[in-house]
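Please look through the following structure before reading the briefing. The notes after it are grouped by topic.

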2 protein chains.
Amino acid sequence: MKKEYLLTPGPTPLPPQVSLAMAQPIIHHRTPQFQEILKEASLGLKWVFQTANDVFIISSSGTGAMEAAVMNLLSYGDTALVVQGGKFGERWTEIAKAYGITPEIIDVEWGKSVAPEEIRKRLKANPQIKAVFTTLCETSTGVDNDIASIAKIVKETSAVLAVDAISGLGAVDIKTDAWGVDVVVAGSQKGLMLPPGLGFISVSPKAWKLVEASKSPRYYLDLRKAKKALDKNDTPFTSSITLIIALNEALKIMQKDGLEYIFKRHKAMAEATRAAMKALGLELFAPTAASDGVTAANVPAGIDGEKLVKTMRDTYGVTIAGGQDELKGKVFRIAHMGFIAESDIITGLACLEKVLTQMGYKFNLGAGVKAAEEVFLK
Amino acid sequence: MKKEYLLTPGPTPLPPQVSLAMAQPIIHHRTPQFQEILKEASLGLKWVFQTANDVFIISSSGTGAMEAAVMNLLSYGDTALVVQGGKFGERWTEIAKAYGITPEIIDVEWGKSVAPEEIRKRLKANPQIKAVFTTLCETSTGVDNDIASIAKIVKETSAVLAVDAISGLGAVDIKTDAWGVDVVVAGSQKGLMLPPGLGFISVSPKAWKLVEASKSPRYYLDLRKAKKALDKNDTPFTSSITLIIALNEALKIMQKDGLEYIFKRHKAMAEATRAAMKALGLELFAPTAASDGVTAANVPAGIDGEKLVKTMRDTYGVTIAGGQDELKGKVFRIAHMGFIAESDIITGLACLEKVLTQMGYKFNLGAGVKAAEEVFLK
C-alpha cells in the first residue's frame, strides 16, 4: 500500500468529481447537450480570466497556445520584446525566432522578477516593438512577475502585452481587464485542476487588430477560425470533449469558492511552504519575488538534489519537482497550486524532512511542519 | 430513463476500461511510471499503423496532425497534389494554401473514390509535385480510397504520399510499410476508441528528408522536436497524460483482438448496414466505394434529413450523423468504427426504421434489421 501525492507545478491533482466526469460515456460535440457545456465553460473561463474578452479553447498543451499568441499577433520581420528569466520566458524567444520575429530580449537573472521600468525603457528606445511577451509565474524558478505594473506601462504604448499565465492562472491573481492585459495564455494542468491537453488564450480588442493583420501561416492555431466558431458556440475543430466536460466541472468548483478565497488559499500555502523552508535552514531560490504558485528552494550543500526528489517519489510516493535545465540538481520545487490543500503541504514537508534526515542533512526534525502549521493557524 | 447510443464517425464510444483509466488519479509525465506507459503506447501505435517508422503523438485534434504533415514536408512555394472528394480532402487544400503551397487539385466527385491512374498522370505531368495528399476514409461521403494502388504509383516517383487516416485507422486496413505509405495521419476519436484530443503521425525515411529540409515556420508541431523527444521516450511538450493512458488501454484491447479480426468485424458491420439500407429501399451515397468505417445513405425524397437525425438523437437517444457542408440534409451517416458492436448496429437500424415510419416513409418494418441479421449470421 502506498498513497501517492502530487506536488508538482503541472500536472496538479484533480478533484475526484472532475476525474469522474471524464469517465462518463462520451457525447458528440456537435449536439445541443455539448454546446450547453461549452457555453457554460466559456463563461466560466471569462470569469477565471477576469475578462470580457473572448477566451479561446485550443486542444493543445500550453505551448500550443503560446505559439497561437505569437503567430496570430506578429508576422515575419516584426520585433517583439521578450522577458526571459527562466525556461518559459526562453520559450517565447524560441517561438518568436521560429516565425522570423526579432526578439529583443530582457535577460533577467534566474530567480529574479523583471523590473517593469526596464520594459518602459526598452519600449521607448525601440518604437518598432509590436508586442511584449512575459510570464506570470515562471515555473522553472518559482518567480511571479509584477504584471499589474507591466500592463500599466505597455498600455500607454502601441504595443500589446501577452502574458504566459499557464502556470499561475487560477492560483495567482491576474486581472486581465482591470490591469489591461491584451493576451493571456493559460493551460489546463495547473491552477485549473485538469489534466494537460487544453490551452486557453484571451484576446483584447487592441490585440485583435494584430490578429487580423498577421501574415503568419496558420491553420489549426488560427484565432480567426477560433473566433468564427466561438461566435456560434463551437470550436473550429473537433473539441477535446472529455477535457472540456472536465473543465466545466472544475470551473464550477472554482466559482463556488470564489477568486478571492482561491488566491487567499494559495497565498497561505505559499507562505507556509516558505516559512517551512526557512525553519529547515533552506534558502529560497527566489527570495525577492517568490511565487504563490510554486516554491523553489536551493538544494543544501552536500545533498544530491536529484536523489532527494527521486527518493521522495519512488520510496514515499510524494512527487515534487527537481530543477530544469541549468537548475537541474540545484533546486527542488514544491507546488501549491490547484487541488492542493493544507494537508498536502504538511504531507510534502514531512516527507521532505524525512528524506533530508536520511540523507544526512542536519536540522530540527519537525521544524518545517511546525512553521507551516503556524502559518495555517493564522 | 434513456439509453444513449453513439453511432457517429468521431467521436466513437469508449470501452468502459478506457473511460475508467482516465478517472484514475493523474500521474506526472516525467516519471519512470509514465515513461513505461508512453513506451508501451508507442509500440502499440507502430502495431496499429503497421509500420516500423516512428509514430509521433501530438496533443491536438486530427487537423493539427494534418497541418504537421503539410508544414513539416513542404515549404512556401512548393507544389502538392491534393485529392479532393469531400470535406476532409478539401482540408488538405486549405492547409496547403495557408502555408503558401500550391495545391494541384484532383477534384473527385463527392461519393466517388479517386482513380489511382489519375494520380499517376498528374505526377507525370508535373515533376514539381513533392507530395501527394489523400484520404483513407472520407468521412463526409463514406468513401474509402484505394491507398494500396495509390502508394504503388507514388512510390515510383520522388514524391511522398501522405494519407489522412484519421477516420479509418483501426477500422479499415492500411498497411503503411507493406504498401509504402510515407506519412499516415490519425486521430484518437475514431477507430482507436478514445476521446478526441490526440493526433498521430508516422513518417517514413523518405519523408523524413523533407521534414529536415522544410523551411515552414513551426514550433509546437515541429516533428524534429517530436523526434528528439521520442528518441528519449518523451514528448516535446507536456503530454496529454490521461489521453495517453487511455490510448495504451485501448491499444491493449485491440492487440488482444488482432488486426485481422478487427478489420473483419468492421467489414461485417459495414456490409450489414449496407444490406439494411438496400432492404429499406435507401440508396447508398457512395455505392461504388463505400467505406467499411461509415455508411452514408441518401435521405429519401420527402423526408427531412435533419429532422430524422435530430429525432433519433433527441427522442430516442441514438446519435447518427447528418450530412456536412453541401450534403447537409441530403445524407445521413451511420458509423461502424471503433467500440461499436453488432448490437449497436441493430439498435441503430431499428431506431432508423422507427423514425422513418413515423415520418411517413414507406417500407416493410423490420426489413433493415432482418437484412443486417442475415449478414451477421454468415
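**Strands of chain B**

Strand 8 (residues 160-164) of chain B and strand 9 (residues 183-187) of chain B pair in the parallel sense over three bridges. Strands and helices are DSSP runs numbered from the N terminus (helices are H or I with at least four residues, strands E with at least two), and two strands pair if DSSP finds at least two bridges between them. This is a predicted model, in which local features need pLDDT of at least 70 and side-chain atom pairs count only at pLDDT 80 or more, while totals for chains, interfaces and linings use all residues. Residues are numbered from 1 along each chain as its sequence is written, and chains are lettered from A and ligands numbered from 1 in the order in which they are written.

**The sheet**

- B:Ala162 has B:Val183 as its bridge partner in strand 9 of chain B.
- An open sheet of seven strands in chain B has the order 2-10-9-8-5-3-4, with mixed pairing.
- Strand 2 (54-59) and strand 4 (102-107) of chain B are the edge strands, each pairing on one side only.
- Neighbouring strands of this sheet are turned by 20° against each other on average, direction ignored; axes are lines fitted to C-alpha atoms, for helices over the stretch in contact, and angles run from 0 to 180 degrees between N-to-C directions.
- Strand 3 and strand 4 of chain B run parallel and are joined by six bridges; B:Leu81 has B:Glu104 as its bridge partner in strand 4 of chain B.
- Strand 3 (residues 79-84) of chain B is mostly covered, with five of its six residues buried (20 or more other C-beta atoms within 10 Å of a residue's own, C-beta atoms being placed from the backbone).

**A helix pair in chain B**

- Helix 11 (residues 259-279) and helix 13 (residues 342-358) of chain B pack at an angle of about 15°, with their axes 10 Å apart.
- Helix 11 of chain B is therefore roughly parallel to helix 13 of chain B (angles under 35 degrees count as such).
- The contact involves B:Met269, B:Ala272, B:Thr273 and B:Ala276 of helix 11 of chain B, and B:Glu342, B:Ile345 and B:Leu349 of helix 13 of chain B; residues are in contact if their C-beta atoms, placed from the backbone, lie within 7 Å.

**Contact between the chains**

- Chain A contributes 45 residues to the contact and chain B contributes 46 residues.
- On the side of chain A that touches chain B, the largest share, four residues, comes from helix 3 of chain A.

Key:
Angles under 35 degrees count as roughly parallel, over 145 as roughly antiparallel, 65 to 115 as roughly perpendicular and the rest as oblique. Two residues are in contact if their C-beta atoms, placed from the backbone, lie within 7 Å. A residue is buried if 20 or more other C-beta atoms lie within 10 Å of its own, exposed if 12 or fewer, and partly exposed in between; C-beta atoms are placed from the backbone.
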